[in-house]
Amino acid sequence: TGAHMLMSQSVSPHALSMVEVDYSNVDATRLRLKEEFKEAEGFSLTYLPFISRAVVDAIGDFPHMNASLSGTDLIFHRYVDLGIAVDVNGQGLLVPVVRSAEGKRLRAIAREISDLAVRAKTRKITPDEIQGGTFTISNGGVYGSLLSTPILNPPQTGILGMHKIQERPMAVNGEVKIRPMMYLALSYDHRLIDGQEAVRFLVTIKDFLEEPARILLDI
């Protein structure tokens, strides 16, 4: 893993862009669905499936984020194999992959993330299930991180870091209100993606999360 990360930074010129997301509407949606979801699925609905679905939907408009480099060839994937970094009981990270996430709605993504995470932590995951992702999400927020700079997982061209949600005073329509806020940080390969495209991608994810009804069809 260390050699892979060193190679990533030496080969890919990393750039970083960030946005701040208001999770008030996601919180309201989770509260409304909490009991029904837990009873039906057997696990709690967390923030990660919302972010995952928002990322997959945004990739539809920004295909460079889901591309990879093979030598001098740029490969655009017709599918989104979404890597989700999972802490294996303090013994390092594994990155299980949700295959063809573009065809799965929020509930299906939540179910698959939960299954992969449980099997990763109990060492029951197979090698095929942690290989071949096209985009990765890393969650430093579970450890209390407010901001980080994720390292790309080659040959992927983008990785999104999600962080701790913290209540902060925000200016809303000329008034100061307390809102649950999170920083989303996108590291990307600057050979293929420029700043304006990265920021537009992040803003699209932000818009989906601040209006979650747009990603809740057929939950």
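Helix 3, strand 5 (86–87), helix 4 and strand 8 (135–139) each supply at least two residues of the lining of the largest pocket. The model is a predicted one. In it, the largest pocket has a volume of about 590 Å³. Helix 4 also packs against helix 3, at an angle of about 120°, and crosses helix 2 at roughly 55°.

**Largest pocket**

- The lining is made up of 28 residues, and those closest to the pocket centre are Thr46, Leu48, Lys121, Asn139 and Val142.
- Helix 4 gives the largest share of this lining, with six residues.
- Sorted by class, the lining of the largest pocket holds 17 nonpolar, eight polar and three charged residues.

**Helix 3 with helix 4**

- Helix 3 spans residues 47–59 and helix 4 spans residues 106–121; their axes lie 9 Å apart.
- At an angle of about 120°, helix 3 and helix 4 are therefore oblique to each other.
- On the helix 3 side the contact involves Leu48, Pro49, Phe50, Ser52 and Arg53, which meet Leu106, Ile109, Ala110 and Ile113 of helix 4.
- This contact of helix 3 with helix 4 counts seven nonpolar residues, one polar and one charged.

**Helix 2 with helix 4**

- Helix 2 covers residues 24–41, and its axis comes within 12 Å of the axis of helix 4.
- With a crossing angle of roughly 55°, helix 2 and helix 4 are therefore oblique to each other.
- The crossing of helix 2 with helix 4 is right-handed.
- Glu36, Phe37, Ala40 and Glu41 from helix 2 meet Arg107, Ala110 and Arg111 from helix 4.
- In the contact of helix 2 with helix 4 there are three nonpolar, no polar and four charged residues.

**Backbone geometry in loops**

- Most residues other than glycine have a negative phi, and most peptide bonds are trans.
- Ser100, which is not a glycine, has a positive phi of about 50°.
- Ser100 is located in the loop between strand 7 (97–98) and helix 4.
- A cis peptide bond runs from Pro154 to Pro155, with omega near 5°.
- Pro155 belongs to the loop between strand 8 and strand 9 (158–162).

Key: Residues numbered from 1 in each chain as written. Predicted model: local features only at pLDDT ≥ 70, side-chain atom pairs only at ≥ 80, totals over all residues. Heavy atoms only, no water. Axes fitted to C-alpha atoms, helices over the stretch in contact; angles between N-to-C directions. Helix = DSSP H or I, 4+ residues; strand = E, 2+ residues; numbered from the N terminus. Parallel < 35°, antiparallel > 145°, perpendicular 65-115°, else oblique. Contact = heavy atoms within 4.5 Å. Nonpolar A, V, L, I, M, F, W, Y, C, P; charged D, E, K, R; others polar. 1 Å grid on protein atoms, 1.4 Å probe; cavity = no way out; pocket = protein on both sides within 12 Å on 5 of 7 lines; lining within 4 Å. Points joined across faces, edges and corners; volume = space filled by probe spheres on them. Left-handed = near helix turned anticlockwise from the far one by under 90°.
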